Amino acid sequence: MTVHTFLTQRLMIQCNSTCLEFATKFQIWRCAFEPNPDNADKWTGIVATCGGSYICLIDAHKGECKAKLLQHEDQYFDILWTTHRFADGKNTNVLSAAGR
């Protein structure tokens, strides 16, 4: 039995670009979904993207760019969320980025 899944684009957020107009050329190398720090089976609704000189944090529930980091001399190719537990027992997420 073949199952077909069709997805419909509902929103396009283009925060990995310098253009204010719709850009046809920009880089997105990786996206990572932020885990819920207290329940690894869930996520917070924040998606991090990286590509070119940008790292962006997007609120997928609201459809808006929450933060945008631009480093002109850097090129980002990978990102990773990690949950750390501190001495007080509180969990906190940290986003790491790699590139050149």
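1. Phe77 is partly exposed, with a relative accessible area of 26%, where partly exposed covers the range between buried, under 20% relative accessible area, and exposed, over 50%, as computed with a 1.4 Å probe on protein chains only. Please bear in mind that this is a predicted model, in which local features need pLDDT of at least 70 and side-chain atom pairs count only at pLDDT 80 or more, while totals for chains, interfaces and linings use all residues. Residues are numbered from 1 along each chain as its sequence is written, and side-chain values use heavy atoms, with hydrogens and water left out.

2. The structure holds 2 aromatic pairs, a pair being rings of Phe, Tyr and Trp (its six-membered ring) whose centres lie within 6.5 Å, with planes under 30 degrees apart called stacked, over 60 edge-to-face and the rest tilted. Trp29 and Phe77 form an edge-to-face pair, at 4.9 Å centre to centre and 90° between the planes. Because Trp29 lies in the segment before β1 (30-36) and Phe77 in strand β5, this pair ties together parts that are 48 residues apart in sequence; strands are DSSP runs of E with at least two residues, helices are runs of H or I with at least four, and both are numbered from the N terminus. Trp29 also counts as partly exposed, at 48% relative accessibility.

3. Phe33 and Trp43 form an aromatic pair that is likewise edge-to-face, with 5.3 Å centre to centre and 80° between the planes. Phe33 lies in strand β1 and Trp43 in strand β2, so the parts tied together here are 10 residues apart in sequence. Trp43 is partly exposed, its relative accessible area being 35%.

4. The largest nonpolar core has 8 residues, namely Ala32, Ile46, Ala48, Cys50, Ile55, Tyr76, Ile79 and Trp81; such a core is a set of buried Ala, Val, Leu, Ile, Met, Phe, Trp, Tyr and Cys residues joined through side-chain atoms within 4.5 Å. At least two residues of this core come from each of β2 (39-51) and β5 (76-85). Leaving aside residues up to four places away in sequence, Ala32 touches Ile46, Val47, Ala48, Ile79 and Trp81, contact meaning heavy atoms within 4.5 Å.

5. Cys31 counts as partly exposed at 42% relative accessibility, whereas Cys50 is buried, with a relative accessible area of 0%.
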